[in-house]
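Dear colleague,

I am handing over the structure below, together with an account of what was found in it. Please keep it open while you read.

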Amino acid sequence: MPLTVGLLLALSFAVSLLALAGLIWAISNHQLKVEQEDAYTIFAEGEAGTPDVDTPKHAPEIDRNQYDVRRAGLDVVSRPAVLLLVGSGVFWLVIGSAFGLLASLKLHLPDLLTEQAFFTFGRARTVHLNLVAYGWLSMTGIAVAMWVAPRIFHTPLRFARLPVVGAILWNIGVASGAVAIANGWTDGEEWLEIPWQIDILLAVAGAFFVVPLLATAARRDVDHIYVTGWYYLAALCWFPILFAIANIPYIHSGAQEATVNWWFAHNVLGLWLTPLGVGAAYYFIPKIIGKPIYSYSLSLLGFWGLALFYSQVGMHHLIGGPVPTWVVTLSIVHSVMMFIPVIAVAINQHVLVARNLWAVKESLPLRFIAFGALMYTLASFQGSIEALRSVNSVTHFTHYTVGHAHLGAYGFVSLIMFGAIYYMLPRTTGRAWPWPRAIAWHFWLVVVGFTIYFVSLTAGGLLQGFAMLDATRPFADSVRVTLVYLEWRSVGGALMTAGHLLLGIHVLALLARGPAWVPQTGYHPEPAVES
Amino acid sequence: MNRIVPLAAVALGILAFATVLLVIAPAAQIRPLEGTPGLQPYTQQELRGREVYVEQGCVYCHSQQPRGPEQAPDAQRGWGRAAVASDYVYDRPHQLGTMRTGPDLLNVGARLPSRDWHLTHLYQPRAIFDWSIMPAYPYLFEVKPEAEPGDVVVALPKDDAPDQGVVVATQDAEDLVAYLLALDRTMPAGEDSVRDYGYESREPRE
């Protein structure tokens, strides 16, 4: 056994180092041909230097929207898919938040709604997770990809009707999955609860998203694939494979199944939701500010580092558990290695934002996205530290981990998706947001709500962990110390849910009676660009 | 980075490498294991009870993987010795869990061997522990005017009992309790059992 341990660890570590060295060599020798000027791929000719903010105090003389109006030729093609996906995503967000809030309340009001199995904690919590992960985050993330891909590839979305069909099938899959779980039909593993029979439908629906994006990338009208495209293309290769392998029924069991479970569950975050979020941030931040990211070649390190290290981190969910020592240690090592790609992304995105703080004031979408990007850095740092054996002994099995999961899936990915929605919908529909102040309200509701949420679970989780490690204290102590924090978590969750309702109503209002989205002064109508 | 095929190929290669290390290699090590000596397969009733456990989502608050004494005082809490891979050969789907909102249950059958205790606790956990935040499961029980032959009546303090009639366990409740009582891995694990020994260099926690 020690031989296996040593060999596999050494092998994986050597390969990772080799790959990293190869990457650095490739970059320094221009093998990968990524140069700073490639970072301008997101701009139309002459557009760089033109901020795209809502209240252009900073540069009032600039004819700020002419470029986007030109792009409308692209946006029109992807519009049906984007609108259906965003609409569905927001719908699942609202329903998913309601279940989340219910689950949160039940942890400090355990006799609330106990008469039906449908509402029991174990099911409400699981319906929440599946609705927000597969309904809200996945559908909105795909919507953003459908909208951004044509813009970075400078060509309209191909097979633009396929994603509409895909979205309908995916919605049926998510809805039936939630109904199944609520009625006790589940595959029984975390993140893999949706019965495999329904997963087949989701897998088919997924193909309707992958084909158009690959076809669009293949027929792009620009040589370079912008960094956002790397993340999207890779995520679209990774997720279907992860999803298929982990959901094949009847082949795994026992402790071995647990390794498959966490290989999948952590990669849903690392190789699916994270690329969707980071990829979107890589497009919107420079696009809105009007300047390219700080160091384009550094983004290579961020991308390949993510692929190499994140794919191996899942076993840190089984530290101290009944699985081989070497596989746990391997995941811990890779969790710590995640500092490298995260710092690379952080330098690229935060430096650009920090040098252009005016844009955060003048663009509400950027405010959400820059905040989300910052949360990516924090969530990743926290995750790396949490994987250390000494820290994990305290935080594992406690509410601390739930806080961490929400820092990633909510603080990071959801916030970026909110910003993307606020930016995309006017440009997609030609209608402006009817109540701009509601956007600021949404921002503050979810930021304040989430801060309360995160701080209470982190503090409560730590106290819970310390109580459980202290053999002189009864187990009851580890429950009692969390109660007040669980109540505060419900307060935070309620504020977040209120923000989501506001978003939902605002999206409906925009579609129903949004005023025309007026291109700014100096605009001269031009026909939409072909190809 | 101007080509799709190499990008996709390398991305997939990396995922394949991760799959070899995190899925295939552990499987090669764990799958040949036989059950811990003394571990019995579940009976039909226990398996039905296990389904109830999975359907209710018990795993979201209860882990089934006690940690070793060098990492945490789980054994002192009565949760059992450190779990090893061979303890789970009959578990499908696995219910290892990642939360301890409630205690670990891998050895709950050995720690709390009373059927009546479990029935009362499932019907209303706060009838036993005033601090408990576990959901009550009244829908796993029936209230009848009076018990019929073969009914399992749930003992309840006056405050938690219905005003009229008696509370009897449904088949689901009886099965679930049979499963809980079967959770017992107190038999010794072998010296070279598979588990995460990463804390072994440390002193046991007192």
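In this predicted model, helix α3(A), residues 121–153, and helix α6(A), residues 227–247, have axes that come within 10 Å and cross at roughly 135°. The crossing in which α3(A) passes α6(A) is left-handed. On the side of α3(A), the contact is made by Tyr134(A), Val144(A), Ala145(A), Val148(A), Ile152(A) and Phe153(A). On the side of α6(A), Thr228(A), Gly229(A), Tyr232(A) and Phe239(A) take part. By class, eight residues of this contact are nonpolar, two are polar and none is charged.

Helix α6(A) also packs with helix α8(A), which covers residues 298–310. How far apart are the axes of α6(A) and α8(A), and at what angle do the helices pack? The axes are 10 Å apart, and the angle is about 10°. Angles under 35 degrees count as roughly parallel, and α6(A) and α8(A) are therefore roughly parallel to each other. From α6(A), the residues that make the contact are Val227(A), Trp230(A), Tyr231(A), Ala234(A) and Trp238(A). From α8(A), they are Ser299(A), Leu300(A), Gly302(A), Phe303(A), Leu306(A) and Ala307(A). This contact of α6(A) with α8(A) has nine nonpolar residues, two polar residues and no charged residues.

A further pair in chain A consists of helix α4(A), residues 162–182, and helix α5(A), residues 196–218. Their axes come within 8 Å and cross at roughly 155°. Angles over 145 degrees count as roughly antiparallel, and this description therefore applies to α4(A) and α5(A). Here too the handedness can be stated: α4(A) passes α5(A) in a left-handed crossing. The residues of the contact comprise 18 nonpolar, five polar and no charged.

Helix α3(A) gives the most, with three residues. By class, the lining of the second largest cavity has four nonpolar, six polar and three charged residues.

Two details of the backbone remain. In chain B, Arg92(B) and Pro93(B) are joined by a cis peptide bond, with omega at about -5°. Pro93(B) is placed in the loop between α2 and α3 of chain B, where α3 covers residues 108–111. In chain A, Tyr250(A) has a phi near 65°, which is a positive value in a residue other than glycine. Tyr250(A) lies in the loop between α6 and α7 of chain A, with α7 covering residues 254–289.

Yours sincerely

Technical notes: Residues are numbered from 1 along each chain as its sequence is written. Chains are lettered from A and ligands numbered from 1 in the order in which they are written. This is a predicted model: local features need pLDDT of at least 70, side-chain atom pairs count only at pLDDT 80 or more; totals for chains, interfaces and linings use all residues. Side-chain values use heavy atoms; hydrogens and water are left out. Axes are lines fitted to C-alpha atoms, for helices over the stretch in contact, and angles run from 0 to 180 degrees between N-to-C directions. Helices (H or I, at least four residues) and strands (E, at least two) are DSSP runs, numbered from the N terminus. A crossing is left-handed if the near helix is turned anticlockwise from the far one by less than a right angle, and right-handed if clockwise. Contact means heavy atoms within 4.5 Å. Ala, Val, Leu, Ile, Met, Phe, Trp, Tyr, Cys and Pro count as nonpolar, Asp, Glu, Lys and Arg as charged, and the others, Gly among them, as polar. Angles under 35 degrees count as roughly parallel, over 145 as roughly antiparallel, 65 to 115 as roughly perpendicular and the rest as oblique.
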